[in-house]
Amino acid sequence: MQAESPVEPDDLTPEQLAAQWEEEKPPAAGALANVGSSLVVIGVGVGAVVLSIAMGLGTPSAPQPGLWPFMISCVMVALGLFQLIMGRHNRDAEKFTRMSMAPLTGLVTLAAMVALMPLAGFELPALVLCIIWMRFLGGETWRSTLLVSAVVVAAFYGIFVTALNTSIPHLF
């Protein structure tokens with residue numbers, strides 16, 4: 001008797017593929033997780049509204065630095081409120097797992113890069129950020145991680161320092 005070869009995703013019908021995805025998906029989140037995630041979005045949005053007002057809004061014809069962040073923050077608050085009200089009926093949300101920490105890790109490392117740029121320039125923090133994102137969040141090989149990270153930093157240097165002559169902090 002000959003062993004069956006594994007079925008490739010290209011060989012599956014749409015119905016079979018949907019059934020396979022349904023079997024493999026993480027467990028559904030409950031109502032409490034939906035409320036919690038909505039409250040986090042609302043909290044971050046309200047905090048961003050306050051900070052953007054402190055930066056100054058100006059007018060549409062003479063905008064100040066806080067205008068666009070203010071508008072985006074208002075959208076965040078509105079979407080958070082919508083999710084809070086309507087999210088109770090959402091059964092498609094996934095339960096928090098270990099991979100749920102990836103966006104938080106991305107946010108924290110991005111904030112660290114921004115904080116370190118005035119002290120160390122953008123080259124080293126950007127290189128470390130790319131390495132963390134590609135290797136640990138993206139699961140890339142070390143070879144591709146190091147190569148792509150170096151190319152990305154060099155490209156940003158070429159664009160923002162050499163070509164555009166911006167005032168971005170840099171070492172070289």
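The model is predicted. The structure holds zero disulfides.

**Helix α2**
- Helix α2 covers residues 31–55. It has 25 residues and reaches 36 Å from its first C-alpha to its last, close to the 36 Å expected at 1.5 Å a residue.
- Buried positions in α2 are A33, N34, S38, I42, G45, V49 and S52.
- These buried residues of α2 pack against α3, residues 67–86.
- V50 is also found in α2, but V50 is exposed, at 53% relative accessible area, because the cut-off for exposed is over 50%.
- Just after α2, G56 takes a positive phi of about 100°.

**Helix α4**
- Helix α4 runs over residues 101–120 and has 20 residues. Its end C-alpha atoms are 27 Å apart, which agrees with the 28 Å it should span at 1.5 Å a residue.
- A102, G106, T109, M113 and M117 are the buried residues of α4.
- An α-helix has 3.6 residues a turn, so residues three or four places apart point the same way.
- The buried residues of α4 pack against α5, residues 123–137.
- Just after α4, G121 takes a positive phi of about 75°.

- In soluble globular proteins, nonpolar side chains tend to be buried together.

**Packing of α5 and α6**
- The axes of α5 and α6 come within 9 Å and cross at roughly 145°, and α5 passes α6 in a right-handed crossing.
- On the α5 side, the contact is made by E123, A126, L127, C130, I131, M134, R135 and F136. On the α6 side, it is made by W142, S144, T145, L146, V148, S149, A150, V152, V153 and Y157.
- S144 is placed in α6 and touches M134 and S149, not counting residues up to four places away in sequence.

**Cysteines**
- No disulfide is present in the structure.
- C130 counts as buried because its relative accessibility of 16% is under the 20% cut-off. C130 of α5 also takes part in the contact with α6.
- C74 is partly exposed, because its relative accessible area of 32% lies between the 20% and 50% cut-offs.

**After α6**
- N165 lies in the segment after α6.
- Phi of N165 is near 50°, a positive value in a residue other than glycine.
- N165 counts as exposed because its relative accessibility of 63% is over 50%.

**Separations in sequence and space**
- V50 and A154 are 104 residues apart in sequence, and their C-alpha atoms are 36 Å apart in space.
- S144 and Q16 are 128 residues apart in sequence, with 34 Å between their C-alpha atoms.

Technical notes
Residues numbered from 1 in each chain as written. Predicted model: local features only at pLDDT ≥ 70, side-chain atom pairs only at ≥ 80, totals over all residues. Heavy atoms only, no water. Disulfide = S-S within 2.5 Å. Buried < 20%, exposed > 50% of the residue type's maximum accessible area, 1.4 Å probe, protein only. Helix = DSSP H or I, 4+ residues; strand = E, 2+ residues; numbered from the N terminus. Expected span 1.5 Å × (residues − 1). Contact = heavy atoms within 4.5 Å. Axes fitted to C-alpha atoms, helices over the stretch in contact; angles between N-to-C directions. Left-handed = near helix turned anticlockwise from the far one by under 90°.
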